[in-house]
Each structure stands twice: as structure tokens, then as C-alpha cells.
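Here's a quick tour for anyone opening this structure for the first time. Have the sequence and the 3D view side by side, and we'll go topic by topic.

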Amino acid sequence: MQFTTTTVLALVASASAATIKVKVGDGALVYAPNDIKAAVGDSVEFSFFPKNHTVTQSSFSDPCHPLANGFFSGFVPANASTLGSTFTISITDTKPIWVYCGQTTGSHCQSGMTAAINAPSTGNTFAAFQNLAKNATLSTSPSSGPVGGVLVKSSGSGNGTTGGSSSSSASSSATGKTGSTTVVSSSYTSTYSTTAVQSTLVTSAYTSNGVVYSTTYASSYTTAFPTTVTSAAVSTSTAPAPSGAANGNVVKNLGAVGAVVFGVLAMA
């Protein structure tokens, strides 16, 4: 088997390629390390830390603003439970690469959140790039991303909670998680008043000197009977359902309670 010089050089480069790991915003507005040296064939892997940062390519002369056709990770939010998102770029030549964070809250780029890959040691140095960034105008970012690299997001997960109340002092709660059973528990308290009104027509008559005199007047009184009805807690288990299924169960339970209340009123 014969190998050409190009093939041998490619094999050597592949065998010696390195992945350079850079922390993005780990406890401060910095990339660590921020003055990076990388060989052709190497990869630079940026790992994101809280709260919300970018890896955006700029030119040396216009820091804090995106380079046309440059790479951009997009905004990558992170917290303690979602660490692990990375954005990786490949080094194809040894030309200087200038990097900044486009987060405008806190002016990350102007506050020192910049980096360079293969910056020269004289002239357009990394230190010179940082000084330009300090006086740059408000940072801007591309309209979409990621581009120019590979973004791998962490597999952080969370639970969703919904809740509500009704006008008849009802309360309900529902918890759900994708791929699991949804349980809805509801209880309701309704207070109503039954009012009884009784009217009486009173007629009195008396006779004086053979003449009969009569008087008629109406008499009425009202009695109110307050009544409270509380239903037992109702639990319903369902398979995963589209958003709004829990609310549908609550409506059904309200209807059942309403039927009970109207039945009691009918018997009063």
C-alpha cells in the first residue's frame, strides 16, 4: 500500500489534533482561557455557564459586532441544572480569530468578555483587541444561530405546574410530565341561601251601635336558610394529553358539583 505526501500529512494532522476547552462565563464575564493558541485541525469547544452568553466572531477593528459570515452560537442560557451546553468550532488555518459575547445586559463585551484565537504577539494583539472592545458601541448579534459551528445543548429537564380557581371557592391543581400519567385533584365548596317568604292577609271586624266595622291589612315575614355544600376531593388519572386537558377535567367536575347544588335547591 502506498501513501501520497498529502495523505500522510492529513493522517499526522488527524492523529495530533486537539480539542481546546474554553469556559464561557464561569463565575465572571470572561472566556477562560481567552488568548488561545490552536493548530490547523484542532477544535475549540466552548462550554457555557450561567447566565446567558454567546460565542460570536467579530473582526479586530470592530469588536462587539458580528463578522459577516462568521460563526455564532446563538444565546445559550444556563443555570445550575442545565450546565453542559457546548459550541465547537474547527480551526482550518492559523489566521487570527476574534470572539466576543453579545449579551447587552451588563455590556459583556465592553466589560472584557472577549477572546482571541492565534492573535499575533505584536501589532493587532489580544490586549489591543480588548482595549478596542472597552470603547465599542452597544453590542449587536446576528439575527439567527447557531452558524459556523456545532451547538450541543445540555439535557436539563423540569416539571410543569398549572393551577386555577373558580368563583364558587373551588381550587384545583394539576401536575404533569411528558411521558407520564397526569393526575388532577379537585375539591369545591359552594354556599347558597334558601329564602322563604310568607304573606298573610289579616281582617278584623267589630260592631258598635249595630254598625259593623272591618279592617284588612297584609302581614309578611322572610326567613333565610344558608347552606354550605362541600364535595369530596375528586382525583382523575389520565394518559399524557395535549395542553388544556387538565382544564377540561376541572370543567367536568364543576358541572357535577353544579348538578348537586341545583338538586338540593329543588328539594328545598
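His65 and Thr140 are joined through their side chains by a polar contact of 2.8 Å. Keep in mind that this is a predicted model, so every distance here is computed from predicted atoms. His65 itself sits in the loop between strand 6 and strand 7 (76-77).

- Is His65 buried or exposed? With a relative accessible area of 12%, His65 is buried, since the cut-off for that is under 20%.
- Setting aside neighbours within four places in sequence, His65 touches Gln57, Ser58, Ser59 and Tyr100, and also the run of Thr137, Leu138, Ser139 and Thr140.
- Ser73 is found in this loop too, between strand 6 and strand 7.
- Ser73 has a relative accessibility of 1%, so it counts as buried.
- A polar atom of the Ser73 side chain lies 2.8 Å from the backbone nitrogen of Val55.
- Beyond four places in sequence, Ser73 is in contact with Phe48, Thr54, Val55, Phe87, Pro146 and Leu151.

- How many of the 6 residues of strand 4 are buried? The count is 6 of the 6, so strand 4 is largely enclosed by the rest of the structure.
- In a regular strand, side chains alternate between the two faces of the sheet.
- Strand 4 has Ser43, Glu45 and Ser47 pointing one way, with Val44, Phe46 and Phe48 pointing the other way.
- Strand 1 and strand 4 run parallel, joined by 6 bridges, and Lys21 stands opposite Glu45 of strand 4.
- Strand 4 and strand 8 run antiparallel, with 5 bridges between them.
- Across that pairing, Phe46 has Phe87 of strand 8 as its bridge partner, and Ser43 stands opposite Ser90.
- Strand 8 also runs antiparallel to strand 11 (residues 150-152), with 3 bridges joining the two.
- Thr88 stands opposite Val150 of strand 11.

**The nonpolar cores**

- The largest nonpolar core has 21 residues, and the ones that touch the most other members are Tyr31, Val44, Phe46, Val55, Ile89 and Ile117.
- Which elements give two or more residues to this core? They are strand 1 (19-24), strand 4 (43-48), strand 8 (86-90), strand 9 (97-100) and strand 10 (114-117).
- A second, separate core has 6 residues, including Ala116, Ala119, Phe126 and Phe129.

- In what order do the 4 strands of the open sheet come? The order is 3-10-9-6, and the pairing is mixed.
- Strand 3 (35-36) and strand 6 (56-58) are at the edges with a single partner strand each, so one side of each has no neighbour in the sheet.
- Strand 6 pairs with strand 9 in the antiparallel sense over 3 bridges, and Gln57 stands opposite Val99 there.
- Helix 2 (residues 126-134) lies across strand 3, strand 6, strand 9 and strand 10, and it runs at about 150 degrees to strand 10.

**A closer look at Val99**

- Val99 lies in strand 9 and is buried, with a relative accessible area of 0%.
- Val99 and Phe129 are 30 residues apart along the chain, and their C-alpha atoms are separated by 9.7 Å.

**The chain in numbers**

- The protein chain has 3 helices and 17 strands.
- Of its 268 residues, 29% are buried.
- Taking contacts between residues at least 6 apart in sequence, 66% join residues at least 24 apart.
- The accessible surface of the chain is about 16000 Å², and carbon and sulfur atoms account for 56% of it.

Notes. Residues numbered from 1 in each chain as written. Predicted model: local features only at pLDDT ≥ 70, side-chain atom pairs only at ≥ 80, totals over all residues. Heavy atoms only, no water. Core = buried A, V, L, I, M, F, W, Y, C linked by side-chain atoms within 4.5 Å. Buried < 20%, exposed > 50% of the residue type's maximum accessible area, 1.4 Å probe, protein only. Pairing = 2+ DSSP bridges. Contact = heavy atoms within 4.5 Å. Axes fitted to C-alpha atoms, helices over the stretch in contact; angles between N-to-C directions. Areas by Shrake-Rupley, 256 points an atom, 1.4 Å probe, with all protein chains shown as cover. Polar contact = N/O pair within 3.5 Å; in protein donor to acceptor, adjacent residues only side chain to side chain.
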